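Colleague: Hi! Could you walk me through the charged pairs in this one?
Modeller: Happy to, let me put it up.

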Amino acid sequence: VVRTARNRYVALDRRCPHQGGIVEPSTGGWTCPFHQSRFDLDGDKVSGVTPTGLRKLPSKLRRGVLTITG
């Protein structure tokens, strides 16, 4: 789970869509250790061999409680 703004969070599956490597935090986002694919903080693809961005898990913020449903 990443806080991207005061009341905005995104829940991400940290497995790279390319070969399943666990992405690691990097400046301004995430990097896959296998082939250096890069993702922004929201999990969207920035560069690399990965076909897509990171999978976003459905989540809902209500009354200060974040619920992840995926």
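Colleague: Is Asp44 buried, exposed or partly exposed?
Modeller: Asp44 is partly exposed, with a relative accessible area of 35%. Here buried means under 20% relative accessible area, exposed means over 50%, and partly exposed is in between, using a 1.4 Å probe and protein chains only.

Colleague: Before we go on, what kind of model is this?
Modeller: This is a predicted model, where local features need pLDDT of at least 70, side-chain atom pairs count only at pLDDT 80 or more, and totals for chains, interfaces and linings use all residues. Residues are numbered from 1 along each chain as its sequence is written, and side-chain values use heavy atoms, with hydrogens and water left out.

Colleague: Back to Asp44. Which residue forms a salt bridge with Asp44?
Modeller: Lys56 does, and their closest N and O atoms are 2.9 Å apart. A salt bridge here is a side-chain nitrogen of Lys or Arg within 4 Å of a carboxyl oxygen of Asp or Glu.

Colleague: And which parts does that pair tie together?
Modeller: Lys56 lies in strand β7 and Asp44 in the loop between β5 (38–40) and β6, so the pair ties together parts twelve residues apart in sequence. Strands are DSSP runs of E with at least two residues, numbered from the N terminus. Lys56 is partly exposed too, at 40% relative accessibility.

Colleague: How many salt bridges are there in the whole structure?
Modeller: A search of the whole structure finds four. In one of them, Asp13 pairs with Arg15, with the closest N and O atoms 2.6 Å apart. Arg55 also forms a salt bridge with Asp13, and there the closest N and O atoms are 3.5 Å apart.

Colleague: Is Asp13 buried or exposed?
Modeller: Asp13 counts as buried, at 12% relative accessibility. Arg15 is partly exposed at 47%, and Arg55 is partly exposed at 46%.

Colleague: New topic: what order do the strands in the open sheet have?
Modeller: The open sheet has three strands in the order β1-β2-β7, with antiparallel pairing. β1 (2–5) and β7 are at the edges with a single partner strand each, so one side of each has no neighbour in the sheet. Two strands pair if DSSP finds at least two bridges between them.

Colleague: What is the bridge partner of Leu12 in β7?
Modeller: That's Lys56, the residue that also forms a salt bridge with Asp44.

Methods:
Helix = DSSP H or I, 4+ residues; strand = E, 2+ residues; numbered from the N terminus.
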